[in-house]
Amino acid sequence: MKARSLAGWLLAFLTAQRLLELRVARRNEAWAREQGAAEYGQEHYPLFFVLHPAWMLFTFLEGRNGRRVNVPALLLFLLAQPLRYWVIRTLGRYWNTRILIVPGGQRVTGGPFRFLRHPNYAVVALELAAAPLAVGAWRTALAFTLLNAALLLGLRIPAEERALAHYRAGLQARQAE
C-alpha cells in the first residue's frame, strides 16, 4: 500500500474515532456536571481542540506524497489503539476531554495508571508521532509532537495537577472537620 492511500484511510479512521469519542466525552461531561464537577483549565481547551484536527489534516496532506508506508510507524500507531481504549475503559465515566473534578470521586490508580501518571497523554503523544510517520509526513510528526509536548507540559498537565491538588486539599479539610 502506498502512503497516499493510507493517508486517506487514516484521516477517515481518525475522524470517525475522534467524533465517536467526543460523543462519549460529552455524555461523561454531562454526568460529571450533574455530580457537581468543577472544571479546570478551560482557557487552554480550545488549543487542543484546534491541535488535533489540524494534526489530522496535515497528516493527510503531507502523507499524500505517494511514498511507501512506514510499516514500523504504522504498527506503533496500531499498538496505541488498544492502549487508548484501555485508558478510556479504566477511567469509565471519568474519561473526558476536559479537566473535570467530580466531588467525592476517587483518583483512578488501576489499569495503565499503575504504570504511568498520565497514560492518556503518552498514548496521544505516540499517535501524534506514529500516524504521520506511517505515511512519510515527518514534518507533521515533528511539528505536532513538539506543539503537543509544549501544550501538555506547559499547560495541560500543570492544570490537571493543580485541580487534583485543590481536590485533595478540600478532601483533607473535610476529613479534618
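The model is a predicted one.

**Entry: α1 against α2**

I next looked up the pairing of α1 with helix α2 (residues 45-63), where the packing angle is about 165° and the axes lie 8 Å apart. This angle makes α1 roughly antiparallel to α2. I noted the crossing of α1 and α2 as left-handed. On the α1 side, the contact is made by A3, R4, A7, G8, L11, L14, T15, R18, L22 and R26. On the α2 side, I recorded F49, H52, W55, M56, T59, F60 and G63. The residues of the contact of α1 with α2 divide into nine nonpolar, five polar and three charged.

I searched for cavities of 30 Å³ or more and found that the structure holds one. The volume of the largest cavity is about 40 Å³. I listed its lining as N28, W31, A32, R93, Y94, W95, N96, L100 and V102. Which element gives the largest share of this lining? I found that helix α1 (residues 3-34) does, with three residues. By class, I counted six nonpolar, two polar and one charged residues in the lining of the largest cavity.

**Entry: the open space**

I turned to the largest pocket, in which about 1100 Å³ of space lies. I noted that 39 residues line this pocket, and that N96, T97, R98, N120 and R156 are the closest to its centre. Which elements give two or more residues to the lining of the largest pocket? I recorded α1, α2, α3, β2 (99-101), α4 (119-134) and α5 (138-176). By class, the lining of the largest pocket has 22 nonpolar, nine polar and eight charged residues.

**Entry: cross-check**

I compared the lists and noted N96 both in the lining of the largest cavity and among the residues closest to the centre of the largest pocket.

Key: Residues are numbered from 1 along each chain as its sequence is written. This is a predicted model: local features need pLDDT of at least 70, side-chain atom pairs count only at pLDDT 80 or more; totals for chains, interfaces and linings use all residues. Side-chain values use heavy atoms; hydrogens and water are left out. On a 1 Å grid over the protein atoms alone, a cavity is a set of points where a 1.4 Å probe fits but cannot get out, and a pocket is an open set with protein on both sides within 12 Å along at least five of seven lines; lining residues have an atom within 4 Å of a point. Grid points are joined across faces, edges and corners, and a volume is the space filled by probe spheres set on the points. Helices (H or I, at least four residues) and strands (E, at least two) are DSSP runs, numbered from the N terminus. Ala, Val, Leu, Ile, Met, Phe, Trp, Tyr, Cys and Pro count as nonpolar, Asp, Glu, Lys and Arg as charged, and the others, Gly among them, as polar. Axes are lines fitted to C-alpha atoms, for helices over the stretch in contact, and angles run from 0 to 180 degrees between N-to-C directions. Angles under 35 degrees count as roughly parallel, over 145 as roughly antiparallel, 65 to 115 as roughly perpendicular and the rest as oblique. A crossing is left-handed if the near helix is turned anticlockwise from the far one by less than a right angle, and right-handed if clockwise. Contact means heavy atoms within 4.5 Å.
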